[in-house]
Amino acid sequence: MNNGIATAGAINSNLCEQCHARPKFVESTGHAHPYCGKQCASAASARNGFLPNNVAMCIVCHSRPQFTDGKRTHPYCSRTCASKQTPAAPQRNTTNRSAVSNGICPIPGCNQPAFKSTNGTGKYCTKKHKTLGENACLWCLQKPKQGTFPYCSRTCAEEAQKHAVVLLEVPENHTVFNNVVAQFKSSWRHNSQCPKVKHVYKIVRPKASQDQYEKYKAAVESRGHFMAAGRPAGNENRRWHGTRRECTIGDNGNAQLCSSASCALCRIIETSFDLKFFARGRFGVGHYTSSTSSNSNDYARNVNSNSPLKAILLNKVVVGKGYKTTVDVPSLTAPPAGFDSVLGEKGAAVSHDELIVFTNDALRPSYLVIRFQYMCAAPHLDNYRKRVPA
């Protein structure tokens, strides 16, 4: 007796013998074909050797031929397979250094000669590429960044963070490059000529590390309400920090961290600042930064390297409510009650400003800045360039 419930075998016998997903095509005469349509019939023919071997198959299902609309062949057999394809993650591009030196436009994939004028050779092939190069996303370098956000999209930002820790070299004359250089120059207050900046790198931190910093900043903001006074959340500022460098990271495009445990620069970039590695200073045990680039530069030094370049870090620091002092307070292990940081201001005992925070999550390295040690290129610079590949 037929109770209206079909068996599994009966259901399967009605499905296309190629895709096993759609019913077989049945003509008005009642004749049932083994396939659901022409595409599956073609795929079955190709599988059985009736179509040439060079027939391209769908890149998703790999069982049906790619669809041709008369103008071009699509990579999919149908809209269904096209909708299943996940867009490829954006890839990191880098400025082609050899192209720039050879007079070729540095925009990835361009390869056109740079514009030549009576005043000399430019860097880009057109004004359009010049505008793009000076505002490009620091990850893909193919689309403009969004405002002060250094990426063109959240997708590129997340992709960069997946590769963290990573240094992204900022192209010369990029708006970010110019912004960092401007702060370096304007905050150079020593009685000496400000040296020229050679390279700037964006330091991309892991998401977990950045989230900890943002959480701390939010907590300081909730206490101090700095945004209501027109200041950044948490009274966040950018401050300089100079330290020991044992390698040539940053020189001529070298973005590889060294493995030396005593290379303070690489370890700060790798793990951020950690109080256990800092000794007591004139304002106690804390992380020392300064708004004066020349002040932090005094602490930047090369060890085991004759590089003509020096490195300095530009960091994001949650200042919060700062306790101001013009005298040394070496006993501090935390800011005075009710304050989030200590501000050593220029006075009788303090030559240049200092900003000290006492928790690891109050700051993160943001940019690595590489500048010449000397006011002009050192005499041995050409020999050095021969040893260190560009």
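## Basis of the description

A residue is called buried when its relative accessible area is under 20%, exposed when it is over 50%, and partly exposed in between (1.4 Å probe, protein chains only). By this scale D211 is partly exposed, with a relative accessible area of 37%.

This is a predicted model, in which local features need pLDDT of at least 70 and side-chain atom pairs count only at pLDDT 80 or more, while totals for chains, interfaces and linings use all residues. Residues are numbered from 1 along each chain as its sequence is written, and side-chain values use heavy atoms, with hydrogens and water left out.

## Overall composition

The protein has eleven helices and 13 strands. Both are DSSP runs numbered from the N terminus: helices are H or I runs of at least four residues, and strands are E runs of at least two. Of the 390 residues in the protein, 41% are buried.

The protein exposes about 21500 Å², of which carbon and sulfur atoms supply 52%; accessible areas come from the Shrake-Rupley method with a 1.4 Å probe, and for residues only the protein chains shown count as cover. Among contacts (heavy atoms within 4.5 Å) with a separation of 6 or more, 59% are between residues 24 or more positions apart.

## The four-stranded sheet

Four strands form an open sheet in the order β7-β12-β11-β10, with mixed pairing; two strands pair if DSSP finds at least two bridges between them. The edges are held by β7 (287-289) and β10 (322-325), and each has a single partner strand, so one side of each is left without a neighbour in the sheet. From one strand to the next, the twist averages 25 degrees, where axes are lines fitted to C-alpha atoms, for helices over the stretch in contact, and angles run from 0 to 180 degrees between N-to-C directions.

Strand β12 (residues 354-357) pairs with β7 in the antiparallel sense over three bridges. Three bridges also join β12 to β11, and these two strands run antiparallel. L355 of β12 stands opposite T289 and is the bridge partner of L343. E354 and I356 point one way from β12, L355 and V357 point the other way, and all are buried.

## Helix α6 and its packing

Helix α6 (residues 154-162) contains the buried residues C156, A157, E159 and A160. Seen down the axis of α6, these residues fall within an arc of 165 degrees, so they line one face of the helix; the arc is that of the directions from the helix axis to the C-beta atoms. An α-helix has 3.6 residues a turn, so residues three or four places apart point the same way.

The buried residues of α6 pack against β3 (166-169) and β4 (197-204). On the face turned away from the buried side, α6 carries the exposed residues R154 and K162.

## Salt bridges

The structure holds eleven salt bridges, each defined as a side-chain nitrogen of Lys or Arg within 4 Å of a carboxyl oxygen of Asp or Glu. One of them joins the side chains of K207 and D211 (2.7 Å, N to O). Both residues lie in helix α8 (residues 207-224), four residues apart, about one turn of the helix.

R223 forms a salt bridge with D340, and their closest N and O atoms are 2.6 Å apart. This pair links distant parts of the chain, with R223 in helix α8 and D340 in the loop between β10 and β11 (341-344), 117 residues apart. R223 is exposed, with a relative accessible area of 52%, whereas D340 counts as buried at 13% relative accessibility.

R282 forms a salt bridge with D328, the closest N and O atoms being 3.0 Å apart. R282 lies in the loop between α9 (264-271) and β7, and D328 in the loop between β10 and β11, 46 residues apart. Both are partly exposed: R282 has a relative accessible area of 31%, and D328 has one of 38%. Salt bridges that share partners also join E214, K217 and E236 into one network.

## The surroundings of G242

G242 lies in the loop between β5 (236-241) and β6 (244-245). G242 is buried, with a relative accessible area of 11%. Leaving aside residues up to four places away in sequence, G242 touches S296, Y299, A300 and I312. The C-alpha atoms of G242 and S293 are separated by 8.8 Å, and these residues are 51 residues apart along the chain.
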